[in-house]
Amino acid sequence: MTGASPQEREPVTTNGTIAVTNLHGQIDGLAVRLSRAGTGETPWAPLAVAQGAALIDLLNLRGHILGRVADYEQAAELAEQLVHVAPEDGTALLARARTRATLHRFAEAVADLGAAGRSGADEATLDAERAVVLQALGCYTDATALIHKAAERQSDFTTLGSLAVLQAERGEVTEAEQLFSEARRHYQGTSPFPLAQLDFRRGVMWHREGDLDAARSCYEAARRRVPDYAPALGHLAEVELLRGEPHGAVALLRPLTRASDDPEYAGHLAAALHACDRVQEANQWRERAAARYEELVLRHPEAYADHAADFWLTAGADAERGLQLALQNLAFRQTSRAHALFQRAVLAQNRVAQAAP
């Protein structure tokens, strides 16, 4: 394996399955308290706003860990409600900024961060959130400056992890690898989620570099930390497929398609089943993924146009639709990955045109 092993140090954290159970319980408990606050004589007092913001963060976390689009949507709806009842509350505005960034509505997220700053929100926190947006837009130099600026108010793990992911996205693999290792050594928490996310992002870096062994090792580390971690399981399935092990990919993806409402896993399952020569079943999953992608592109085009384009260029087998969505994605953000996706779509469409009778 080219990359360093994420097993170089194994911090002791809460069991991942128990942590997920606790996460469900925290969300349910906050939702109940918030519903009671909303029926009192002083609805949406500062405490209720703080509880609402905490619930939003937990929903976004569960959405990521378990691959639940419904959680992202519930968080976004709650954030809109918070800002409606507390329009000058920095906590509410910051919470809405996070949900908008999660759904890739970056311009609106930046506007919310500005308003939160004018309402007295912590500047270091705002800088960290602005860095996330700038990184997603490919503005790596500005994002790096903000991460360093926010460092004095964040843990070393958070700062080093943010820099590691940023360098990985820039393709600076050697520096990123060192930062991933440093971040891991500085972890002081007991929650398994931050470490699982760190190992997952490390795996994505090696996956993009084409080092499947390194990627697999990192995804497995994330899986050991949180057995139900959907993105790690989904990417492990991709690696299995690339290694010529479609049956292994199917075994990983089937539970995900039951637990997650993200069409990415249905699309990958269609590809894996097709590779197993189970064409009829593959077509059923392909149709299911296609319908769900069309639904999500309509509701959240900024967040799902690129994923949908990739689906149509692979398992979806519709280069023209893939090109339409790649072009739509390029209009949202002009990053190197958006340009690469568009170029891939153009080549695919050209191949289809050349093959036509």
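Helices (H or I, at least four residues) and strands (E, at least two) are DSSP runs, numbered from the N terminus. The model is predicted, so that local features need pLDDT of at least 70 and side-chain atom pairs count only at pLDDT 80 or more, while totals for chains, interfaces and linings use all residues. Residues are numbered from 1 along each chain as its sequence is written, and side-chain values use heavy atoms, with hydrogens and water left out.

We begin with a pocket, which on a 1 Å grid over the protein atoms alone is an open set of points where a 1.4 Å probe fits, with protein on both sides within 12 Å along at least five of seven lines, and whose lining residues have an atom within 4 Å of a point. The second largest pocket is lined by ten residues, among them Leu66, Arg223 and Asp228. Helix H12 (230–242) and helix H13 (246–259) are the elements that give two or more residues to this lining, and H13 gives the most, with 5 residues. By class, the lining has 8 nonpolar, no polar and 2 charged residues, where Ala, Val, Leu, Ile, Met, Phe, Trp, Tyr, Cys and Pro count as nonpolar, Asp, Glu, Lys and Arg as charged, and the others, Gly among them, as polar.

We turn next to a pair of helices. Helix H4 (residues 90–102) and helix H6 (residues 123–136) pack at an angle of about 15°, with their axes 11 Å apart; axes here are lines fitted to C-alpha atoms, for helices over the stretch in contact, and angles run from 0 to 180 degrees between N-to-C directions. That angle makes H4 roughly parallel to H6, a term for angles under 35 degrees. On the H4 side the contact (heavy atoms within 4.5 Å) is made by Leu94, Arg98 and Ala101, and on the H6 side by Thr125, Leu126, Glu129 and Val133. By class, this contact of H4 with H6 has 4 nonpolar, 1 polar and 2 charged residues.

Notes:
Angles under 35 degrees count as roughly parallel, over 145 as roughly antiparallel, 65 to 115 as roughly perpendicular and the rest as oblique.
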